[in-house]
Each structure stands twice: as C-alpha cells, then as structure tokens.
Amino acid sequence: RAPRTPTRRAGTARGRTCSPPQYVADCMSDLERFLHDGWEYGALVRAALAHVQFETIHPFLDGNGRVGRLLIVLMLHHDGVLRQPLLYLSLYFKQHRAEYYRLLDTVRTDGDWEAWLDFFLEGVRETATGAVQTAHRLLDLFRTDAERIRGLGRGAANALRVFDVFRARPLATLKDLADRAGISFPTASRAVEALARLGIVREITGRQRNRVFAYDQYLAVLSEGAEPGKGVSQ
C-alpha cells in the first residue's frame, strides 16, 4: 500500500512535477505525519518514501536536493539503522542521475513506487558495500604508514601523535596539529616535516605562514568516484 503522498496536487518546477506553492504547507504537514506515523514500513522503505515526498513538495527555492538527501541519512540514523549519519547516497544518485529523476517522476505520474524502491534499496546496498571496502582500504593505509613512521627512530613518538591527528583530520594547520596532539608548535613542525619526507603528507598552500598540510592518499581514497561533474540538483 502506497503512503499518502503530496503528488495528488501536482505543479511543475524545472520541468519536474512538484507541489504548487499554495499547497506546500499542507503537503509538509502530510509528510510530517508520515514521518511520525509510518512505522508499518521498515526504516529503509520509510526513508525512500519520505525522500520522494519531500522532493515532490519542493518547499524551498534552493537546496531541496541537499535537504532531501540529508533527510534519508537522518531518518536512518534516528531509526537505529546507522550508528552515525554516514551513508553517502548522493554519489549513487549522481552516478545514476537520469534514472534517479525518471523514477521520481514515475512515482509522481504513475504511482510506480516499486521501481523507485528497487532503485533506492540497490543504492543503499551498493553504497554500504563501497563504504565497507573504503574503510578496509583506509585501515590498511593507516597500518602501512604507521609502520613507516615507527622506522623514524627517535622522532617516531611525536610523529605518530601528529599522524593520529591526520587520521581524524586529513587537512590541518600546524596549530591544529600541535593543539590536538598535545605537543608544542616546534615539536609539531618537526613531526610534520618528518611525515613530509616520508611522502605521507604535503603542504598545499605554498605559504610560509598559516600553512596547511594534507594527507594525500587518505583524501584520494575518500574522493574516488566523487570527481567534479554534473550531479543531482542542489
């Protein structure tokens, strides 16, 4: 059984079906009731249905796509599916942009919820699998780099403290590194220089002051598949 949906009052925005402005408040009330009362559906299905409804209401002049995608993650976190709100479905939607919009519109025009749910759940499966693989790759990278740092000898202890900061923040200034590692600024500077000689981090501003250092391989793993390009609407 399909949930109550605001598509019953359809207008258009950017060529896509949406709720006319005079009905937005009522449709948002319908969506709010669904968020509170739609427990007959599983958490993943609830999030999928809510996303379609929000994108169809299109309540804002800008940012509807971002908020709608954020809604998915926050619902899954609230419902206990995610311990942290870290499921990045935006990349999947971007990679399948045409199909994403086509399926949203078929829900609105034909009531074809099943095709949308198949697409959405496959996206969750693919994204979750990719996240696990990425986590394993990062753990392998951290282990390999930590072993290289231990080979520094006398300076290894402070370099490892700074490295631990980079694991949490792959972009950092020297002040950030010193504060978070609990060491002095000169000590942090020497530790970063040691990491740079190993090729683990590099300075990216070219400045003499307020320098920023990047853990390049970490950032490269996180950025795979997310290169700039035309994605889903903002």
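Start with the largest pocket: about 750 Å³ of space lies in it. A pocket here is an open set of points on a 1 Å grid over the protein atoms alone, where a 1.4 Å probe fits, with protein on both sides within 12 Å along at least five of seven lines. The volume is the space filled by probe spheres set on the points, which are joined across faces, edges and corners.

Before going on, the ground rules. This is a predicted model, so local features need pLDDT of at least 70 and side-chain atom pairs count only at pLDDT 80 or more, while totals for chains, interfaces and linings use all residues. Residues are numbered from 1 along each chain as its sequence is written, and side-chain values use heavy atoms, with hydrogens and water left out.

Lining means an atom within 4 Å of a point. Which helix gives the largest share of that lining? It is α6, with 10 residues. Helices α4 (90-95), α6 (113-150) and α10 (216-223) each supply at least two. Helices are DSSP runs of H or I, at least four residues, numbered from the N terminus. By class, the lining has 14 nonpolar, 5 polar and 3 charged residues. Nonpolar is Ala, Val, Leu, Ile, Met, Phe, Trp, Tyr, Cys and Pro; charged is Asp, Glu, Lys and Arg; the others, Gly among them, are polar.

Now α6 against α10. They pack at about 170 degrees, axes 10 Å apart. Axes are lines fitted to C-alpha atoms over the stretch in contact, and angles run from 0 to 180 degrees between N-to-C directions. That makes the pair roughly antiparallel, meaning over 145 degrees. T134, R137, L138, L141, F142 and D145 of α6 meet Q217, Y218, V221 and L222 of α10. Contact means heavy atoms within 4.5 Å.

Next, α2 on α6. Their axes come within 10 Å and cross at roughly 115 degrees. The contact has 12 nonpolar, 2 polar and no charged residues. On the α6 side, W113, W116, L117, F120, L121 and V124 take part.

Last, α2 (residues 43-57) and α3 (residues 64-78). Axes within 9 Å, crossing at roughly 160 degrees. So these two are roughly antiparallel as well. Their contact divides into 10 nonpolar, 4 polar and 3 charged residues.

Definitions and conventions
Angles under 35 degrees count as roughly parallel, over 145 as roughly antiparallel, 65 to 115 as roughly perpendicular and the rest as oblique.
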